[in-house]
Structure formats: C-alpha cells, structure tokens
Amino acid sequence: MPPHLLDHSLADLEARMREWGEPPFRARQIARWALRRCATSFEEMTDLPAALRPRLAAEWTLAPPPVLAETRADDGATSKVLLDLGGGAAIEAVRMDYDPDRPEHAQGSRARSTICVSTQAGCAMACVFCATGQQGFTRNLTAGEILAQVLHFQRERPISNVVFMGMGEPLANYDPTLASVRWLIDRDGLDLRARGVTISTVGLPGAIRRLAGEGLQIGLTVSLHAPDDELRRQLIPTAGGVTLDELTEASNDYVERTGRRVTYAYALLERLNDEPEQARRLASRIRGTRCHVNLIPYNPTAGEGLRRPSLSRVRAFQRELQAAGVNATVRIERGVEIAAACGQLRTDHLAASAR
C-alpha cells in the first residue's frame, strides 16, 4: 500500500505539485479535502482536475485503518476504538465529549470534544501502572497514522481538542508527532486552536527543550508520579538517569519560552506515592513555578499489588498540595466501564482473539 498522504507536509505537497506541472495551490485544496472534509479517497476531490486524481491515488493513500473493536460509555459521551494498522500493530484512540450542562462536568466549562491519540504501537517506557507499558514496544506511528485517529472521530462530528496521551511516548517519536501537530493547527489543515492541543510526555528533558523552541502554543503535560528520584525509577524503570530536578528545569524552560503553564501528571497509588508527607515533598519541588498538578487515581489494569487509593486519601493529597500553594485538581473519570485507559482495549481484544 502507498504511504499516507498526511505523512508529508504542506511544503512537500506543494513541491510535488510543481514537479507535476500543477499550481502549488492544489496542495492546499488536497489538504483541506483530507482534513476538513475527511476524504477517504482522491476521487472525492471533485474540484481537482480529473487527470490529477488517479495520479494522487497511485502515489498516496487516504484509506482509514479498519476498526477492530469499538466501545462506548457515559451515555455515549465517551467512545474508544481499536484500529488495525496491519502487521500485528493495533492502536487505541478515545473521544470524550464534554457538555457543560451535565452535572458531572465542571461548572463554567465550555462544550468541547476531545480526542486522545496514540503515537506508538505499544510503548517502551514500561511504567508499572500502565497497561500499554506492560505490552512492550512494537513501532512508531507515522504522522498519517496519528492523524487517522483524529479523522476517524472527525467524520462523526467536529472536534475541538486533541491530546497526545494515548499509547506510546510522543516525544520518543518526535518528528511524526510534530508533523501531525502542525497539520492539526495549520489553516489549510484541520485549523484547530494551538491551545487546544496538548502533548503528554513521561519526561524526556532534551525533547521538552526542543519542543519549547518550536514556536508552538500547545500545552505540555509531564509525568512525575513521585516526589523523589528513587521512587520514580521504581514506577518508571526506563527513567534511567533522568532526575526530577532535570525534568522540572526543562519544564520551567518550556514555561519561559512559550508562556504556557505546564501540567504535571501524578498517578496516585495507594500507600506507595499518596502519603501526605509525599505531597508536601512534591510541593516543595514545584512551588512557585507556573504549573498545575493533575492527580489521577490509579485505574487497576496492570502491575501486581498496585491499588487505587480511596477518595479520602486522594482528597487529602490534593489538600496538602493546595495548602502549599500548588494548584491541583483530580482528573474527571471517563469511560471506566469500557476500559478507556490506554492499552486496556488492546489487551482485552488480544485476550479474546486467543480464546
């Protein structure tokens, strides 16, 4: 099968149009068909010359990946798909619709539709509390494969936000991830607000600094999960020599260069990293910086012996951070009954296929 059209940038498409003797504006027409109108074939592009369409089809594909499984929850407000990329690679994507009129959603929030996408098939980071981390790494995705997840849901109804928080480590697949971000926010692409796009990373300081220099106003979420280096290495074995000091310094650099606040993700595991004293030590590291802590009660899926803390322990941890002057919220839980945490649907599908 030919490569996906969106593996290439707008500049690449313009260059190819010139090679073929076509005006460069054809590239913008093609991009809008692919992203705004979610075309799945070049024959749909009726404002292109008839002779150009088969030439495009011989060079690239717009075919969407087949759906292996799909589940819904929250009265249809949360949906999750498992997409088949071929060669044994399958990835998950989730759609979460937020209605400000529903009592379980944050008061004062606006209606939005958020897509959570994967950037790798599997993951090499091996976080002990993550289902994807326990599956191992298969391969990186191309920009077109990342965008195909967004387009799957965009065909149903318009989306407003995209978060790179699915399977894999986005900054370990840097170039395709950034290429997909640029298509999402390009005026000739999907034309989303840059502030409606967020990249989540387990914590790669060099890549965070590289991202800070891209001139993008996208959000950044950095996984901490521990107040000290020793515990963090237990929870994220591949953290290696990366220290929390290095990670927070890189995050502060991102804040300074972009003007955007950084979010720190912290998965709460009962009696492992959820003690009040640990909250105070965490606060001492990040107090006074432009940050927000997103507390995530553990969703039991992966590591043996890991438990979800009670709501009272979650709130106690949150209060300690807030008392120390650190903004902290607890993540709204979505899709629990459909295994919406990344990696769960793939695990369930593989188990069912093996029966």
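Predicted model: local features only at pLDDT ≥ 70, side-chain atom pairs only at ≥ 80, totals over all residues.
Residues are numbered from 1 along each chain as its sequence is written. Local features need pLDDT of at least 70, side-chain atom pairs count only at pLDDT 80 or more, and totals for linings use all residues, while side-chain values use heavy atoms, without hydrogens and water.

The axes of α4 and helix α5 (residues 174–185) come within 8 Å and cross at roughly 45 degrees (axes are lines fitted to C-alpha atoms over the stretch in contact, with angles from 0 to 180 degrees between N-to-C directions; helices are DSSP runs of H or I, at least four residues, numbered from the N terminus). Helix α4 is therefore oblique to α5. In the contact (heavy atoms within 4.5 Å), A143, I146, L147 and V150 of α4 meet P176, T177, A179, S180, W183 and L184 of α5. These residues comprise eight nonpolar, two polar and no charged (nonpolar: Ala, Val, Leu, Ile, Met, Phe, Trp, Tyr, Cys and Pro; charged: Asp, Glu, Lys and Arg; polar: the others, Gly among them).

For helix α9 (residues 276–286) and helix α10 (residues 311–323), the axes come within 8 Å and cross at roughly 35 degrees. Here P276, Q278, A279, R280, L282 and A283 of α9 meet F317, E320 and L321 of α10. The contact of α9 with α10 has six nonpolar, one polar and two charged residues.

Helix α4 (143–154) also supplies at least two residues of the lining of the second largest pocket, as does β2 (78–86) (a pocket is an open set of points on a 1 Å grid over the protein atoms alone where a 1.4 Å probe fits, with protein on both sides within 12 Å along at least five of seven lines; lining residues have an atom within 4 Å of a point; strands are DSSP runs of E, at least two residues). Of the 16 lining residues, M1, H4, A63, L85 and E145 lie nearest the centre of the second largest pocket.

Key: Parallel < 35°, antiparallel > 145°, perpendicular 65-115°, else oblique.
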